[in-house]
Amino acid sequence: MEKEKTFLGQPRGLSTLFFTEMWERFSYYGMRAILVYFMYDAVANGGLGLPKGTAVAIMSIYGSLVYMSSIVGGWISDRLLGSNKSVFYGGILIMLGHIVLATPLGIPALFVSMMLIVIGTGLLKSNVSGMVGHLYSKDDIRRDAGFSIFYMGINIGGLLAPIIVGILGQEVNYHLGFSIAAIGMFIGLVQYYVQGKTTLKSVAIAPTNPLSAAEKKTFFRAVVLVLLALAVLFGPAAATGHLSVDIFINFISVLGIFLPIYYFTKMLRSKDVTPDEKKKVLAYIPLFLSAIVFWSLEEQGSSILALFAADRTQSTLFGINIPASLYQTLNPLFVVLLTPVFVWLWTKLGSRQPRTEVKFAIGLVLAGLSFLLLMLPSLLFGVEERVSPLWLVLSFFIMIAGEMCLSPVGLSVTTKLAPKAFEAQTLAIWLLADASSQAINAQIARFYTPQTEGMYYGIVGGVAVVVGIILYLARKPIRNLIGNIH
């Protein structure tokens, strides 16, 4: 019998999905590394000249919408296209979004590109993770390690992006940086299309729960109603000149809270979900809420911590001049360095490794400690003096150690606990935790000022530590609902 060809001991399809997601993350995080600076930099420097507070709020809402759209992408996969096609079409839209952002057309180009990237990422992001799950049986012991390898691919792309796109964007020209992001997505698309013909030819081709003819009519009616509702909500404000960023931020924040409630209620009431699956959905809810808290802290790396890098840290480290955007490499750099350590650790421990709910609790506590650490510079040196970048480096390291305990494990447990009828949508709900966290960040970021810096990091970090402790104390009832899934 011919020996199965593998990729690092995993199914070969993981290689295709690894590089597809690597290039998609390269394009996305490359864009994010310079976007906040592009928005508030002076027009004379090639920026848009927006206020810093507005730029940070738009960053949070942008991130929220990107992950919120994963719900739509998951639904399209489950009911219309299947994950395989959804990933490809999503990549095309993302590439077009970066091309638009590379044009010197100002704020209109920003919002058109946002729309394209939001929809494209919704199609690609939720479905590519689900396709990784399709490569394994439920009891395949390689599963967690496979997701960790996949997660490393995400972060290799995220590591290269600020180095290439960030430096070119900040030091040469913002639009050149956005052009490189578009090229990265193009490479990922070509690789996915060519290699996927062999390695993914039978993976997630058809929708898992296709629409019937009657359901299609209901769907199109619902789309029309949603568009009318948006017109009613925003039309009068737009017509009278009162449509502001704050109104939009508040709307997205409410939506970020409403959508998870809607989807969990829908799954728990669905006739297509078995009683055993409903127990697992109930077990998943506290993990989801914990993930919101975690991502609220982690996602501030490209907004609040980006301001800290630009305004509060010294411009050199060990005598080397470092552009502020380059600090965006710390997150993926530590992921790439720590992933082999955690893959080895979980493999070595085998059945003795901490259960999912305990890993989540550890991740939350570490995330909280990373913010509590950043409370110290303002207490020790005041808010006027620039401090060593090593404060930021150490904070990122602690955060990513927490991320290693929560994020790849969260992806894995989501594929295990997902009801079959909501498979891709459940992966989208995992991403919705990130969307909800950034909708919350858009609200709390306004409390961050030079005067409140220490208190801000202390309160936000303290909340994460407390939630982590509560989750650990609740581990037994959660485990009873999860059952025999590890």
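Predicted model: local features only at pLDDT ≥ 70, side-chain atom pairs only at ≥ 80, totals over all residues.
Visitor: Why is Ser 27 called buried?

Guide: Buried means under 20% relative accessible area, and Ser 27 has 0% relative accessibility, so Ser 27 counts as buried. You will find Ser 27 in helix H1, residues 13-40.

Visitor: What makes Ile 94 a contact of Ser 27?

Guide: A contact means heavy atoms within 4.5 Å. Leaving aside neighbours within four places in sequence, Ser 27 is in contact with Ile 94, His 98, Ala 181 and Met 185.

Visitor: Why is Pro 450 called partly exposed?

Guide: Pro 450 has 46% relative accessibility, so Pro 450 counts as partly exposed. Pro 450 sits in the loop between H15 and helix H16 (453-473). The C-alpha atom of Pro 450 is 8.1 Å from that of Glu 384, although the two are 66 residues apart along the chain.

Visitor: And Phe 371, is that one buried or exposed?

Guide: Phe 371, which belongs to helix H12, is buried, because its relative accessibility is 0% and the cut-off for buried is under 20%. Not counting residues up to four places away in sequence, Phe 371 touches Leu 297, Gln 300, Leu 305, Met 399, Tyr 456, Tyr 457, Val 460 and Gly 461. From Phe 371 to Phe 396 there are 25 residues in sequence and 9.2 Å in space, C-alpha to C-alpha.

Visitor: How do you know that the span of helix H11 agrees with its number of residues?

Guide: Helix H11 covers residues 330-349, which is 20 residues, and at 1.5 Å a residue H11 should span 28 Å. The end C-alpha atoms of H11 are 28 Å apart, so the two values agree.

Visitor: Where does H11 have a kink?

Guide: Look at Leu 338, shortly before the proline Pro 340, where H11 has a kink of about 35°. Leu 338 is one of the buried residues of H11, which also include Phe 334, Phe 342 and Trp 346. The buried residues of H11 pack against helices H5 (143-172), H9 (275-298), H12 (356-374) and H14 (390-417). After H11 comes Gly 350, with a positive phi near 55°.

Visitor: What makes a space a cavity and not a pocket?

Guide: In a cavity a 1.4 Å probe fits but cannot get out, whereas a pocket is an open set. Searching the whole structure gives five cavities of 30 Å³ or more. The largest cavity holds about 440 Å³ of space. Among its 27 lining residues, Tyr 29, Tyr 67, Glu 298, Glu 299 and Glu 403 are the closest to its centre. H5 gives the most to this lining, with five residues. By class, the lining of the largest cavity has 12 nonpolar, eight polar and seven charged residues.

Visitor: How many residues of the largest pocket's lining are nonpolar?

Guide: The lining of the largest pocket has 38 nonpolar residues, with eight polar and four charged. The volume of the largest pocket is about 2,100 Å³. Of the 50 residues that line the largest pocket, Val 72, Val 226, Leu 230, Leu 255 and Leu 259 are the closest to its centre. Val and Leu both count as nonpolar. The largest share of the lining of the largest pocket comes from H2, with 12 residues.

Conventions
Residues numbered from 1 in each chain as written. Heavy atoms only, no water. Helix = DSSP H or I, 4+ residues; strand = E, 2+ residues; numbered from the N terminus. Expected span 1.5 Å × (residues − 1). Bend = angle between axes of the 7 residues up to and from the residue. Buried < 20%, exposed > 50% of the residue type's maximum accessible area, 1.4 Å probe, protein only. 1 Å grid on protein atoms, 1.4 Å probe; cavity = no way out; pocket = protein on both sides within 12 Å on 5 of 7 lines; lining within 4 Å. Points joined across faces, edges and corners; volume = space filled by probe spheres on them.
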